[in-house]
Amino acid sequence: MPVKIGIFLCDCGGSLRNIDFPKIRGNLAKLEDIAFVEISHNLCLEEGEKAIASRILREKVNGVVIAACSPELCEDKFIRLLEGLGLNPNLLSLANIREQCSWAHEGDVTEKALELIRMAVNKARLLQAVERGEVPVNKEVLVVGGGFSGMKSALELSQFGIRTTIMERESTLGGKLKELEGFYGLETSPKEMFSSMTRAIEEDKNIEVLTSAEVARVQGEAGDFTVKIRKGGKESSRSFGAIIFATGYRTEILPQDFELKPGVNIISQQKLVEMLQAPERLERRPETIAFVVDFSDENSRLPTLSTLNNALAVKEKLGSEVYVFCKNLKVDSEGAEKLYREARERGVVFLKFEEKPRIHGEDSRVKVEARDVLLGEEVTLLCDLLVAEEKALPPEGTKTLSSMLNLETDTQGFYQDENVHLYPVASGRKGMFFVGACRGNLDLSRALTDISSALVSVYELLSPGGAMVEVEKVKADSQKCRTCLTCIRICPHKAIRLARVDSEKWVAKIYDLACDGCGICTAICPAKAIKFEGYSDEQILAQVEAIGE
Amino acid sequence: MIMGGNNKIIAFCCAESAYRAADRAGRLRIHYPDNVRVIRVPCAGRVSVLHILKAFEKGAAGVLVMGCQEGACRHLTGNIRAKERVKYAEDLLKEVGINGQRVKMVNFGPDMAQRFAREIEEMVEKIKEE
């Protein structure tokens, strides 16, 4: 079919005065394959849309060039318009003559605008229709990790009728919930929350729990992941549409930074919580308790919260004197500032230092010495118990899992949370999400926000039972593919796998739903076998060619 | 040395960052030389050595490949691959006697409009000097 291109020019309500539109129309009309050139004042308004619709239907074009504002603003609108007219939206080519032409330069820019439009016309000549189609998706979700974030995610998903399997490495659910003494800002205690959540999960028909189980292998793409589950020495395969990682964090007490050895008098937060949960079992009530926080790691949101919570609990249950040695107390979590004030009101003493305190064991007590920057004096404290500084770290196995699944981790080893394009819960792979503390030092309210965003993404992906994709927008030519595996190795979204296509030959196959359309494979393929419709080599070079004309 | 008789600059702009920076420059009316032609690509990693070399063949005086900041690529490694390719193209161009500074990789955030304008100006200056 011969190419027949319709061109619409928009002068943005007559405001683009440094472009001579009639002159452009005259020049463009001389080009080959052009059916018409129409100047409009407001293509984005209803009248403009009507004008486009009637002209396209009348002239039966198979390529549309629109020269208007930035595609960032108008592309979606025009795509919907073309779809409504029964024209394939991939036949649309846009020229940005407002933001990147009229507004960006002083003086007459007619020549540049003309060239930008010619670039778009050159591209439009080569565009081919890309059909949209539905890919069936599996509606079950796997949640890896059975702590607060994992349990909550499963419960929320279940409310939307999505079947969920929680996989927990330990023999019981609960994770860190079992180790916390209190949360601030919530009516319930962690213990109550844990029991009510487990009860809800037991009663929920949509939730299945697998304990003492681990991910051994994941194959497939969004909508159809095949997960090998290792449980009790045996491996079994299950299919899921999406995976939520809620693997949480672990804490490590840091004796190496202080040259301390944990002992009877130097304990972890968890040990303290055990004491607080059964105070009657203590041989002797500790008179003085000191906490050390945030000297070796400034990224200490979670350790600070547990310090504040536990300091208050000590006051309440043991009535001891409490001192907190800190450098810069991190109170950026919801309610943490109030928690800090409350602790001070109840008599917890906060001492601010610049340098690490020197800590020695002395008989049955611990001596802490340091220079207080506010008093300007050396302070020495003898305490019965010292709760050592803790650091929140990614849980064991994060590294293995992330390299197995090609998921990014940040400098601390948490699942990547710094990439602005994926923030907050998306990963480089479609259908895999991170929630809660596994992607950094996240407190409870932040974890809840994560769960909501992951829920929306999962629902969007799975709930209709099928996902709309552009079929074979990126496609490997099975004749040209030499099975070198380069694309499979480099695809950042793991959207390419080997597949047998009609014959004996194995070739690269790109899975539309997992593909994010970056074109890295198209650029790298040594056999030039991969075609990215809309951004193929020919289409990009056709635009380049317009500059010489 | 002006090649092919024109002094145009081709800027391959990542749709996630540099293209938005260019839009923003327009919105803020930050003016820059009008001989730049932006080609929108989904990721800087889409740009191959072929595209850069063809641009020079067609008469461009300079080529800019503009992607996201390192560590902030939506496609994780696209901008790093682009950087490697730009380096490769630079070496090839040097061999045939075209100053390596005529092709450049730039990393952007979508809000860095001033920087976009400055990069274009710098490239134009470089071309004028020769």
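1. Burial in chain B. In this predicted model, buried residues account for 59% of the 130 residues of chain B. The C-alpha trace of chain B spans about 35 × 30 × 20 Å along its principal axes.

2. Fold of chain B. Chain B holds four helices and four strands. In sequence order they run β-α-β-α-β-α-β-α. The radius of gyration of chain B is 14 Å, close to the 14 Å from the globule rule for 130 residues, so chain B is as compact as a globular protein of that length.

3. Contacts within chain B. Take the contacts between residues at least 6 apart in sequence: 78% of them join residues at least 24 apart.

4. Make-up of chain A. Chain A has 16 helices and 28 strands. Its radius of gyration is 31 Å, well over the 24 Å that the globule rule gives for 549 residues, so chain A is more spread out than a compact globule. The C-alpha trace of chain A spans about 95 × 60 × 40 Å along its principal axes.

5. Burial and contacts in chain A. Of the 549 residues in chain A, 44% are buried. Among contacts in chain A with a separation of 6 or more, 70% come from residues 24 or more positions apart.

6. The contact between the chains. Chain A contributes 38 residues and chain B contributes 40. On the chain B side, four elements each supply at least two residues: α1 (18-27), β2 (36-41), α2 (49-57) and α3 (78-95). By class, the side of chain B that touches chain A has 15 nonpolar, 11 polar and 14 charged residues.

7. A loop residue in chain A. Where does A:N419 lie? Its place is in the loop between α12 (398-405) and β23 (432-434) of chain A. Is A:N419 buried or exposed? A:N419 counts as buried, because it has 20 C-beta neighbours inside 10 Å. The cut-off for a buried residue is 20 or more such neighbours. A:E408 and A:N419 are 11 residues apart in sequence. In space, their C-alpha atoms are 9.6 Å apart.

Conventions:
Residues are numbered from 1 along each chain as its sequence is written. Chains are lettered from A and ligands numbered from 1 in the order in which they are written. This is a predicted model: local features need pLDDT of at least 70, side-chain atom pairs count only at pLDDT 80 or more; totals for chains, interfaces and linings use all residues. The radius of gyration is taken over C-alpha atoms; the globule rule is 2.2 Å times the number of residues to the power 0.38. A residue is buried if 20 or more other C-beta atoms lie within 10 Å of its own, exposed if 12 or fewer, and partly exposed in between; C-beta atoms are placed from the backbone. Two residues are in contact if their C-beta atoms, placed from the backbone, lie within 7 Å. Ala, Val, Leu, Ile, Met, Phe, Trp, Tyr, Cys and Pro count as nonpolar, Asp, Glu, Lys and Arg as charged, and the others, Gly among them, as polar.
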